[in-house]
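Visitor: Hi, could you walk me through this one?
Guide: Happy to. Here it is.

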Amino acid sequence: MPTVLNTPSDEKTGTVTSKPVIVIEHLYKQFGRNVVLEDFSLTVYKEENVVVLGKSGAGKSVLIKCVIGLLKPDKGNIMVLGENVTALNDDDLDRVRSKVGFLFQANALYDSMTVRENLEFPLRRHWINISQKEVEKMVKEALENVALLHTLDMMPSELSGGMLKRIALARTLILKPEIILYDEPTTGLDPVTAREIDQLILKLQKKYHTSSIIISHDMNCVKNIADRVILLLDGKCYADGSYDELEHSTDQKIKQFFE
Amino acid sequence: MSLITNTEDFLEQTGKISRFAGHFFSHGIKPRFEIKELLSQCYLIGYKSFPLVGLTGFIMGLVLTMQLRPSLVSYGVQSELPVMVGIAIVREIGPVITALIFAGKIGSSIGAELGSMKVTEQIDAMEVSGTNPYKYLVATRVVATTLMLPILTLLGDAISLFGAYIGVNISSVTSLRFFFTQVFQSLTYSDIVPAVIKTLFFGFAVGIIGCYKGFNSTKGTQGVGISANSAVVLSSVLIFIIDLLTVQLTNLIGLN
């Protein structure tokens, strides 16, 4: 039986409004005999940052890959901005994806393309009729947001880990998505750069009013970013609450993440 | 037990590759076409492979002539050297050697490139960016390998024949015009057409195997190496199998 500390409700206050943007219901996913997600449910509200905590291999990345339609769940529904992504055809899924950004753990920048081409790629694919002038304006704006305009014509191999993460974030934001899914945004970065990325995520979230699911092991990142923390254990939502609520929990399974 | 497991693995792999190839016809060649990427791949796969194909073709023609000459001299038919070399190069050696060189260069490069993209999640990123990775990465490369290999083979054959002309001139004096007149008088369409058609299949096999191995790469960076290596091995074996089948087929329909 999961220890639900706080069930999100429509009476959520503060900056978070009550409109749900992602609704995951009774999600099941297994690979061979390995059950990764088992009856997992979660609702993310508009402008809310939900951090999903869990051990390595717990299924956190699988969860957000199901949300964006990169993996198909075995059972359950995932409503993203009112559309059931598990039942959409390729064209409709692309339409939904244009409103959802995904920051990959390893950045996933195309290493055969320059920074400019990396940023142009999603723009030209999702918005086929966009003019060259608009593309250039949006690319420059995205790079200014992450303070890396000078890298415009550089190759990813010429950039540091922190710069790559910021470029990947710029690429994620270039379509001005309503939802952003972050897969371990600060993993592999030094504490100073990790903090810069946290602040950048928060700054851009405020600027573009996005909602997010963030997968992280970095407790500083969780503390800085999370409006709500979900603990994923044994494929289920074991705990759901604010950072402070979970930090002061007496449950051993929850405490081990905060020690 | 091991034999059963190996047979099962072989059948499973064959099934998966067939389905992957079938996907090319059912989805890969439908709009929206990735023309820009296709042209870029034709340049990389075709134009960039030309120096290697040309060099190996030249050496092959030269060496083949030098090796054949003593045998023909012993039978007193050295004047038939251009005819023999011409037929051997155009019908068999040219297409197969070019395809094997092509599999080594392009098959491994496609396997490693897509394998690397797979393990660094670039293929997932492409899908999230509203791009069908099968069309963008696989269809373009398979079409490019299928179209470029016949062209490379014809060019390789021409360079190889020039190498053979040099080989003939090492021990005797023959004019370029006389050499090529002899070669072309001995060749018929039934020598050239089946040879070109089989290179289309060779090219398709190299492209589809390279893409399949890259697309299904696992185990991180180690997997990228395995993908590149197995792409070359499997496509080389397939080239020989296709060659055997096309020779049987052309015999059957009387093209030989």
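**A chat about two chains**

Guide: Let's start with one pair: Lys65(A) and Asp124(B) join their side chains in a salt bridge, 3.6 Å from N to O. Keep in mind that this is a predicted model.

Visitor: How many salt bridges are there between chain A and chain B?
Guide: The count is four salt bridges between chain A and chain B. In general, side chains of opposite charge can pair when their charged atoms come close.

Visitor: And residue pairs in polar contact, how many between chain A and chain B?
Guide: Ten residue pairs, with both residues at pLDDT 80 or more.

Visitor: What area do chain A and chain B bury between them?
Guide: About 1,600 Å², and 50% of it is on carbon and sulfur atoms.

Visitor: Back to charges. How many salt bridges over all chains?
Guide: Searching the whole structure gives 20 salt bridges. One within chain A links Asp92(A) to Arg95(A), with the closest N and O atoms 3.2 Å apart.

Visitor: Where do Asp92(A) and Arg95(A) lie?
Guide: Both are in helix α2 of chain A, three residues apart, which is about one turn of the helix.

Visitor: New topic: how many helices and strands does chain B have?
Guide: Chain B has nine helices and zero strands. Its C-alpha atoms fill a box of roughly 65 × 50 × 35 Å along the principal axes.

Visitor: At what angle do α3 and α4 of chain B cross?
Guide: The axes of α3 (residues 50-75) and α4 (residues 81-119) of chain B cross at roughly 145° and come within 10 Å. The crossing of α3(B) past α4(B) is right-handed.

Visitor: Which residues meet there?
Guide: From α3(B), they include Leu52(B), Met60(B), Leu64(B) and Leu72(B), and from α4(B), they include Leu81(B), Met84(B), Ile93(B) and Lys105(B). By class, this contact of α3(B) with α4(B) has 14 nonpolar, five polar and two charged residues.

Notes
Residues are numbered from 1 along each chain as its sequence is written. Chains are lettered from A and ligands numbered from 1 in the order in which they are written. This is a predicted model: local features need pLDDT of at least 70, side-chain atom pairs count only at pLDDT 80 or more; totals for chains, interfaces and linings use all residues. Side-chain values use heavy atoms; hydrogens and water are left out. Buried area is the accessible area (1.4 Å probe) that two parts lose on being put together, summed over both. A polar contact is a pair of N or O atoms within 3.5 Å; within protein, one must be able to donate a hydrogen and the other to accept it, and residues adjacent in sequence count only if both atoms are side-chain atoms. Axes are lines fitted to C-alpha atoms, for helices over the stretch in contact, and angles run from 0 to 180 degrees between N-to-C directions. Helices (H or I, at least four residues) and strands (E, at least two) are DSSP runs, numbered from the N terminus. A crossing is left-handed if the near helix is turned anticlockwise from the far one by less than a right angle, and right-handed if clockwise. Contact means heavy atoms within 4.5 Å. Ala, Val, Leu, Ile, Met, Phe, Trp, Tyr, Cys and Pro count as nonpolar, Asp, Glu, Lys and Arg as charged, and the others, Gly among them, as polar.
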